Amino acid sequence: EDLSGRNQIFGDENEFPIDHLILRRSHPEDAKPIGKLVDEVLIPSYQNLFGTTSALNIIETAHLSITVLTPEQEIVAFAAFEDFPWAIKGKSVDSKHFNQWESWLRKAFEANEMNPYNTIWLNLFLFGTGVPYGFHKEILKKIMQSAYTSIPELEFILFHVRGEADEEDIANVVSPVVHLFQELDGRPEKEKVLEGIPEVQPSSRMFYSPRAIVLPVVEIRSAKQEDHDDLAAVFNSQSEVVTETFGEFFIAELIAAQNETNRALVAQVKDKAVGLMGITKEV
């Protein structure tokens, strides 16, 4: 598969199928096109941030790797997650420090809530050169949502910016997606602690993304008449069948008809109703 000329394929943001992308776990046969994807973006900034490694090796050994495809099955993005920080030059054999990262991370950074049971490391992410720059954040957000839903116990995603990466590297690779992350504050003893960790430079920076950044907290409550406009917009954007079947005022009537045997529950995100369920004791 020749992945050259990507810029011409998706030169216009309006042509890029951002709402129709397919996300799935990576397959070994993805290695070749992902390898070509790596070749496309293998600029010094990526090497400084991620090091270099084999795409097949990543897919076969990563705790979770996710491939992003267009409806035409063209791979346009890729990300790999691991249960230890592997954003270094190759895979370290120092299992003590990388499989027991919780201890040194907490000593070097304000990371008391993170542990191997609720945290995973984003060790690599990349986009095809034809993916419009403005969509990098949205695609990585979709990838992270997929990671959180695939591993329900996850609460945090960590991202290690190697000490070799300078501000230009960060601008080239991280800036498009920086709003998905927050930087961990270093403790006063950070550099001293990291000096004893092979391949994790004292000047390394750590970024984290809590689950709520990409998967907002959903509250469930009883529906109110004030929810009608929000809910109508949700229903109308997804299907006209409900209105055609039950009438224009179906939602208002469902909310108003609540009693001991009929209830309407609303899913709310940030004070906005985003979903509705009607339940009844009567059959």
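Guide: Let's start with four phenylalanines: Phe 125, Phe 127, Phe 159 and Phe 181 are linked into a cluster by ring pairs. Rings of Phe, Tyr and Trp (for Trp, its six-membered ring) pair if their centres lie within 6.5 Å; planes under 30 degrees apart count as stacked, over 60 as edge-to-face and the rest as tilted. Before we go on, please note that this is a predicted model, in which local features need pLDDT of at least 70 and side-chain atom pairs count only at pLDDT 80 or more, while totals for chains, interfaces and linings use all residues. Residues are numbered from 1 along each chain as its sequence is written, and side-chain values use heavy atoms, with hydrogens and water left out.

The structure holds 6 aromatic pairs. One of them joins Phe 16 and Phe 135: the ring centres are 5.5 Å apart and the planes are at 25°, so this pair is stacked. Phe 16 sits in the loop between helix H1 (6-9) and strand E1 (22-25), and Phe 135 in the loop between strand E4 (119-127) and helix H7 (136-150), so the pair ties together parts that are 119 residues apart in sequence. Helices (H or I, at least four residues) and strands (E, at least two) are DSSP runs, numbered from the N terminus. Phe 16 and Phe 135 are both buried; buried means under 20% relative accessible area, exposed over 50%, and partly exposed in between, using a 1.4 Å probe and protein chains only.

Now widen the view to the nonpolar core. This term stands for a set of buried Ala, Val, Leu, Ile, Met, Phe, Trp, Tyr and Cys residues joined through side-chain atoms within 4.5 Å. In soluble globular proteins, nonpolar side chains tend to be buried together. The largest nonpolar core here has 52 residues, and Phe 81, Phe 125, Phe 127, Ile 139, Leu 140 and Phe 181 touch the most other members. Strand E3 gives the largest share of this core, 7 residues. Apart from it lies another core, of 18 residues, including Ala 108, Ala 111, Val 193 and Leu 194.

Ile 139 shows how parts of the chain meet. Leaving aside neighbours within four places in sequence, Ile 139 is in contact with Phe 16, Ile 18, Leu 21, Val 68, Ala 77, Phe 127 and Val 131. Contact means heavy atoms within 4.5 Å.

A pocket is found on a 1 Å grid over the protein atoms alone: it is an open set of points where a 1.4 Å probe fits, with protein on both sides within 12 Å along at least five of seven lines, and lining residues have an atom within 4 Å of a point. The second largest pocket is lined by 12 residues, and Tyr 46, Phe 127, Tyr 133, His 136 and Asn 172 lie nearest its centre. Its volume is about 160 Å³, where grid points are joined across faces, edges and corners and a volume is the space filled by probe spheres set on the points. E4 and helix H8 (167-173) each supply at least two residues of this lining. The lining residues divide into 8 nonpolar, 4 polar and no charged; Ala, Val, Leu, Ile, Met, Phe, Trp, Tyr, Cys and Pro count as nonpolar, Asp, Glu, Lys and Arg as charged, and the others, Gly among them, as polar.

Next, a look at strand E2, where we find Ser 65. Ser 65 counts as buried, at 6% relative accessibility. Not counting residues up to four places away in sequence, Ser 65 touches Arg 24, Arg 25, Ser 26, Ile 59, Phe 78, Ala 79 and Ala 80. In the loop between strand E2 (64-69) and strand E3 (75-82) is Gln 73, a residue other than glycine whose phi is positive, near 70°. Gln 73 is partly exposed, with a relative accessible area of 48%.

To finish, here is the setting for all this. The protein chain has 13 helices and 10 strands, and 45% of its 283 residues count as buried. Of the contacts in the chain between residues at least 6 apart in sequence, 75% join residues at least 24 apart.
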